[in-house]
Amino acid sequence: MLRLTALLAVAATALAVVASLGAAPTAPVKLKGSVGPGETIVLKKGSAMVSTLKRGRYTFVVSDRSEEHNFRLRGPVSRQITSISATGTNTVTLTLKPGRYTYLCDPHAADMIGSFRVK
């Protein structure tokens, strides 16, 4: 009887592992950013400003409302998301690693800057 119980436990574990291999990956979390029209730059998750995030995949949807600004992410993973002299909305998906991140407008980095941590 003990052997049968052990065999069933091993079989159940094997089935769980196989089922998890076929599981669909989770969708990235959506972050909304904006830069301009004045000297403003923000990054939000829902309605809250981003201050800490868990490591993982995130989709950045950034609205650039001024040709004078850009939106750049610096940190363990870096990316220029929008560019100077262009407006519109850009979307990128990044896998964030643990560390400190800064988002800023390059020409106005002294005033237009924010940061968050990934754990």
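In which sense do β6 and strand β7 pair, and over how many bridges? Strand β6 (residues 71-74) and strand β7 (residues 79-82) pair in the antiparallel sense over 3 bridges. Strands here are DSSP runs of E of at least two residues, numbered from the N terminus, and two strands pair if DSSP finds at least two bridges between them.

Before I continue, a note on the basis of the work. This is a predicted model, in which local features need pLDDT of at least 70 and side-chain atom pairs count only at pLDDT 80 or more, while totals for chains, interfaces and linings use all residues. Residues are numbered from 1 along each chain as its sequence is written, and side-chain values use heavy atoms, with hydrogens and water left out.

Let me return to the hairpin. Between β6 and β7 there are 4 residues, and glycine 75 in the turn has a positive phi of about 160 degrees. Phenylalanine 71 has threonine 82 as its bridge partner in β7. On β6 there is also pairing with strand β9 (residues 99-104), antiparallel and over 3 bridges; there, arginine 72 stands opposite leucine 104.

These strands belong to an open sheet of 5 strands with mixed pairing, in the order β4-β10-β9-β6-β7. β4 (52-53) and β7 stand at the edges with a single partner strand each, so one side of each is left without a neighbour in the sheet.

Buried means under 20% relative accessible area, computed with a 1.4 Å probe on protein chains only. In a regular strand, side chains alternate between the two faces of the sheet.

I turn now to the aromatic residues. The whole structure contains 3 aromatic pairs. Rings of Phe, Tyr and Trp (its six-membered ring) pair if their centres lie within 6.5 Å; planes under 30 degrees apart count as stacked, over 60 as edge-to-face, and the rest as tilted. Phenylalanine 71 and tyrosine 103 are stacked, at 5.6 Å centre to centre with 5 degrees between the planes. This pair links distant parts of the chain, 32 residues apart, in strands β6 and β9.

For tyrosine 103 and phenylalanine 116, the centres are 6.4 Å apart and the planes at 35 degrees, so the pair is tilted. Because tyrosine 103 lies in β9 and phenylalanine 116 in strand β10 (residues 113-118), the pair ties together parts 13 residues apart in sequence. Tyrosine 103 counts as buried at 3% relative accessibility, and phenylalanine 116 is buried at 1%. Ring pairs link Phe71, Tyr101, Tyr103 and Phe116 into a cluster.

What of the nonpolar core? The term denotes a set of buried Ala, Val, Leu, Ile, Met, Phe, Trp, Tyr and Cys residues joined through side-chain atoms within 4.5 Å. The largest such core has 22 residues, and those touching the most other members include Phe71, Leu73 and Phe116. Among the strands that each supply at least two residues of this core are β6, β9 and β10. Leucine 73 has contacts (heavy atoms within 4.5 Å) beyond four places in sequence that include Phe60, Leu96, Tyr101, Tyr103 and Phe116.

Finally, I consider threonine 59, in strand β5 (residues 56-64). Threonine 59 is buried, with a relative accessible area of 14%. Its side chain makes a polar contact with the side chain of threonine 93 at 2.9 Å. A polar contact is a pair of N or O atoms within 3.5 Å; within protein, one must be able to donate a hydrogen and the other to accept it, and residues adjacent in sequence count only if both atoms are side-chain atoms.

Notes:
Buried < 20%, exposed > 50% of the residue type's maximum accessible area, 1.4 Å probe, protein only.
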